[in-house]
Amino acid sequence: MPEISRRASSLGTENAFVVLAEVNALARQGKDIVSFCIGQPDFPAPDNVQEAAIRAIKGGKHGYTPSAGIDELRQAAAKYLAGMRGGLPIRPEDVVVGAGAKPFIAYAVVSTTDYGVGDEVIYPNPGFPIYESQIAANGAKPVPIHLHESRNFSFDPNELEKLITKKTKLLILNYPHNPTGGCLTRKELETIAGVLKKHPQVWVYADEIYSRLVFNGEFFSIAQVPGLYERTIISDGASKTWAMTGWRIGFTSNPQLAPVFTRWITNTESCASQISQWAAVEAINGPQQSAEKMKKSFLERRDLIVGLLNEVPGVKCQVPGGAFYVWPNVTEACRRIGAADSEEFRKRLLHEAGVAVLADIHFGMRVPGEGQHVRFSYAASNQAIEAGVQRLADFIKKNTKKAA
């Protein structure tokens, strides 16, 4: 048989979908599972967005669009991105629309690094697993920068200074952050920008897909720091803000790289779905009550799940600043039940208690000295949160007796 390429063999995956498939298989067998593994809003897209899609279908908007997206969406996204980021001078021609925000991770890596020459990309660890996967598959060197629980899951700028070399071409930042829910403050971003100003060869990929889900204060982008706008790739989209994950609409902005990203789209997906693009125009330009209601619900759920988790023996959970994830420390819980690590803890919790979470190793290597963590997505009902955390508490109590 012919062999597959080393590039294909090195390509990673997103374990949320792997665990979700496992959960669905158990559910088909009749198992009662409370799932916190998938990171998507559990709300429908707003009614006005759905109606806009229906109008697009009935209006015959079924064909290809320009690779960069329809003019109406590029204009709406430019105004939206600028308005969310202190009035940055984002023009419609600087914005490119893709089939979700995820493809732009790969487009950013291949547009700023060359294959196999030792170019380096710094990315957050723990972090969205596609960062490391795309860096490695596209022939660059992944360089993790560790996030620390003691810093509310941000990194030490001094560590960034040490990691940057002449080979560093791209820094990936994600805030609010998946999987920890941590946020980078304006002061932290300004400090990071100060480091980057010493290294003009480094691009910044600002993954800001959770920008509308900041719970403490206003969202602030590193692109707003003087001197950083031109070298920052701003990435956002419709998935999280308007519960449009399956509609696959992302939009990214950078004045120099927009034409490059457009060519990548022409070479890969051709264009995003025209129907979804018209729906996204309505999502951005239309009433925002549904998005605000969803954000309020996530905040209430955050406070609920953090409070409940901190009552569970062996579990410590910080209050995240955004997104819809918590990243509790389960080091003591693992010790109590005799689990070797968070992955064994996760598997046993799923099969013995019917609670689905993700382990820290699904988001990169464990940060040295930081212990064991799991991720809960609290894009779930209050009832599911209460039931799931109660099952977790009962599971630890029952197995502590056995371990003793």
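1. Start with the rings. The structure holds 15 aromatic pairs. The model is predicted, so every value here is computed from its atoms. A pair of aromatic rings is described by the distance of the centres and the angle of the planes. Those two values are given for the pairs discussed below.

2. One of the aromatic pairs is formed by Y80 and W242. Their ring centres are 5.5 Å apart, and 50° separates the planes. Y80 belongs to helix 4, residues 71-84. W242 sits in the loop between strand 7 (232-237) and strand 8 (250-253). The two residues are 162 apart in sequence, so the pair ties together separate parts of the chain. Are these two residues buried or exposed? Both Y80 and W242 are buried.

3. A second pair to look at is F128 with Y131. This one is edge-to-face. The centres lie 5.6 Å apart, with 80° between the planes. F128 has 14% relative accessibility and counts as buried, because the limit for that class is under 20%. Y131 is buried as well, with a relative accessible area of 0%.

4. Rings also gather in a group. Which residues make up the cluster? Ring pairs link F43, Y210, F298, F324 and Y325.

5. Next, a helix contact. Helix 5 covers residues 103-112, and helix 6 covers residues 129-137. Their axes come within 9 Å. They cross at roughly 35°, and the crossing is right-handed. On the helix 5 side, the residues are I105, A106 and V109. They meet I130, Y131, Q134 and I135 in helix 6.

6. Now the charged side chains. Side chains of opposite charge can pair when their charged atoms come close. How many salt bridges does the structure hold? It holds 21 salt bridges.

7. D42 and R301 meet through their side chains in a salt bridge, 2.8 Å from N to O. The pair links distant parts of the chain, 259 residues apart. D42 is in the loop between strand 1 (34-35) and helix 3 (47-58). R301 is in helix 11, residues 289-309. How accessible is D42? At 35% relative accessibility, D42 counts as partly exposed. R301 has 7% relative accessibility and counts as buried.

8. K169 and D119 form another salt bridge, at 3.3 Å from N to O. K169 lies in strand 5, residues 168-174. D119 lies in the loop between helix 5 and strand 3 (120-125). This pair, too, links distant parts of the chain, 50 residues apart. K169 is partly exposed, with a relative accessible area of 23%. D119 is buried, at 3% relative accessibility.

9. The side chains of E161 and K198 are joined by a salt bridge of 3.0 Å, N to O. E161 is in helix 7, residues 157-163. K198 is in the loop between helix 8 (186-196) and strand 6 (203-207). The two are 37 residues apart, and the pair links distant parts of the chain. E161 is partly exposed, with a relative accessible area of 25%. K198 is exposed, with a relative accessible area of 56%.

10. Some salt bridges share partners. Which residues do they join into one network? The members are E22, E343, R346 and K347.

11. G246 is placed in the loop between strand 7 and strand 8, the loop that also holds W242. G246 counts as exposed, at 66% relative accessibility. The C-alpha atoms of G246 and T400 are separated by 41 Å. Along the chain these residues are 154 residues apart.

12. Last, R6. R6 lies in helix 1, residues 6-10. R6 is exposed, with a relative accessible area of 76%. From R6 to P320 the distance is 38 Å, C-alpha to C-alpha. In sequence they are 314 residues apart.

Note on methods. Residues are numbered from 1 along each chain as its sequence is written. This is a predicted model: local features need pLDDT of at least 70, side-chain atom pairs count only at pLDDT 80 or more; totals for chains, interfaces and linings use all residues. Side-chain values use heavy atoms; hydrogens and water are left out. Rings of Phe, Tyr and Trp (its six-membered ring) pair if their centres lie within 6.5 Å; planes under 30 degrees apart count as stacked, over 60 as edge-to-face and the rest as tilted. Helices (H or I, at least four residues) and strands (E, at least two) are DSSP runs, numbered from the N terminus. Buried means under 20% relative accessible area, exposed over 50%, partly exposed in between (1.4 Å probe, protein chains only). Axes are lines fitted to C-alpha atoms, for helices over the stretch in contact, and angles run from 0 to 180 degrees between N-to-C directions. A crossing is left-handed if the near helix is turned anticlockwise from the far one by less than a right angle, and right-handed if clockwise. Contact means heavy atoms within 4.5 Å. A salt bridge is a side-chain nitrogen of Lys or Arg within 4 Å of a carboxyl oxygen of Asp or Glu.
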